[in-house]
Amino acid sequence: MHGLHPVVAALANPARRLKRLLLTEDAEAAIAAQLPKPWRIAPERVERAHVASFLPEDSVHQGAALLAEPLPDLPLERALEHGHGPVLVLDQVTDPRNVGAILRSAAAFGAAALVMQDRHAPPETGTLARAASGALEIVPVVREVNLARALDYLKKAGLWVVGLAGDAPVTLAQAGLGGRRVALVLGAEGEGMRRLTREHCDELARLPIAPEMESLNVSAAAAVALYELARG
């Protein structure tokens, strides 16, 4: 992972296994200002060009790169105990930048967890962590083989499963979700939720956007929906 926010968050997360930390002089000073030493891993002082040589060409690394193990898989039942906020469920959202941005909004609005498929979902990468801006260390990510089964489990756990769909009869604000703990389901851009996923929702709701626009980017839709749930 790369960038100051993801690296600081990973260093501060005791569940994250750290392997190698590359920092420029400026990056080391910036991180130390946010997270005083000693750290759990000794940094290697390098030049910016050396950091860039380990990363994709367009990476904005700010002089910081960290090699670390992916976080341990977390069962859904344990993730629900992480907090009392909503749970986000992604149905075949594959762009790591979108998933990272959704994680960032999830952390900002107090979501308890993010559920994705084991397949048809991006792995934990530096690109995803960079887009999440530290939220990857805050919001538990659960990967499920069978999303429909996961939705059934969430229902049994007392959550009201709401699928976000542009053709839904009511808006999210009109759905009367006050006092309910919600599992919010978002589908891939363009295709939306798959049929089986829609059928496993308790209710479908939409965001009230101007008719000139067909839809929002999935990460933008997640942010707006989470704000609406927090506001209610």
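What is the order of the three strands in the open sheet? The order is β2-β1-β3, and the pairing in this sheet is mixed. The structure described here is a predicted model.

**The sheet**

Strands of a sheet pair through backbone hydrogen bonds, in either the parallel or the antiparallel sense. β1, which covers residues 18-23, is parallel to β2, and the two are joined over two bridges. At this pairing, L22 is found opposite E44 of β2. With β3, strand β1 pairs in the antiparallel sense, over five bridges. There R20 faces L67, a residue of β3. The table puts the two pairings side by side.

| Strand pair | Sense | Bridges |
|---|---|---|
| β1 and β2 | parallel | two bridges |
| β1 and β3 | antiparallel | five bridges |

Side chains of opposite charge can pair when their charged atoms come close. The structure contains 11 salt bridges. One of them joins E69 and K19, with 3.4 Å between the closest N and O atoms. This pair connects distant parts of the chain: K19 belongs to strand β1, while E69 sits in the loop between β3 and α4 (76-80), and the two are 50 residues apart.

**Two backbone details in loops**

Most residues other than glycine have a negative phi, and most peptide bonds are trans. The peptide bond between K37 and P38 is cis, with omega at about 5 degrees. P38 is part of the loop that runs between α2 (25-34) and β2. The other place is Q62, a residue other than glycine whose phi is positive, near 55 degrees. Q62 is in the loop between α3 (48-52) and β3.

How many domains does the domain assignment of the protein give? The assignment gives domain 1, residues 4-68, and domain 2, residues 76-231. Between the C-alpha centres of the two domains the distance is 30 Å. In the contact, domain 1 takes part with 10 residues and domain 2 with eight residues. The area buried between domain 1 and domain 2 is about 730 Å², and 40% of it lies on carbon and sulfur atoms.

Charged and polar pairs also cross this boundary. Two salt bridges are found across the interface of domain 1 and domain 2. Five residue pairs are in polar contact across the interface. On the side of domain 1 that touches domain 2, five residues are nonpolar, three are polar and two are charged. Elsewhere in the list of paired side chains, R16 and E124 form a salt bridge with an N to O distance of 2.3 Å.

Methods
Residues numbered from 1 in each chain as written. Predicted model: local features only at pLDDT ≥ 70, side-chain atom pairs only at ≥ 80, totals over all residues. Heavy atoms only, no water. Domains from an automatic or database assignment. Contact = heavy atoms within 4.5 Å. Buried area = accessible area lost by both parts, 1.4 Å probe. Salt bridge = Lys/Arg side-chain N within 4 Å of Asp/Glu carboxyl O. Polar contact = N/O pair within 3.5 Å; in protein donor to acceptor, adjacent residues only side chain to side chain. Nonpolar A, V, L, I, M, F, W, Y, C, P; charged D, E, K, R; others polar. Pairing = 2+ DSSP bridges. Helix = DSSP H or I, 4+ residues; strand = E, 2+ residues; numbered from the N terminus.
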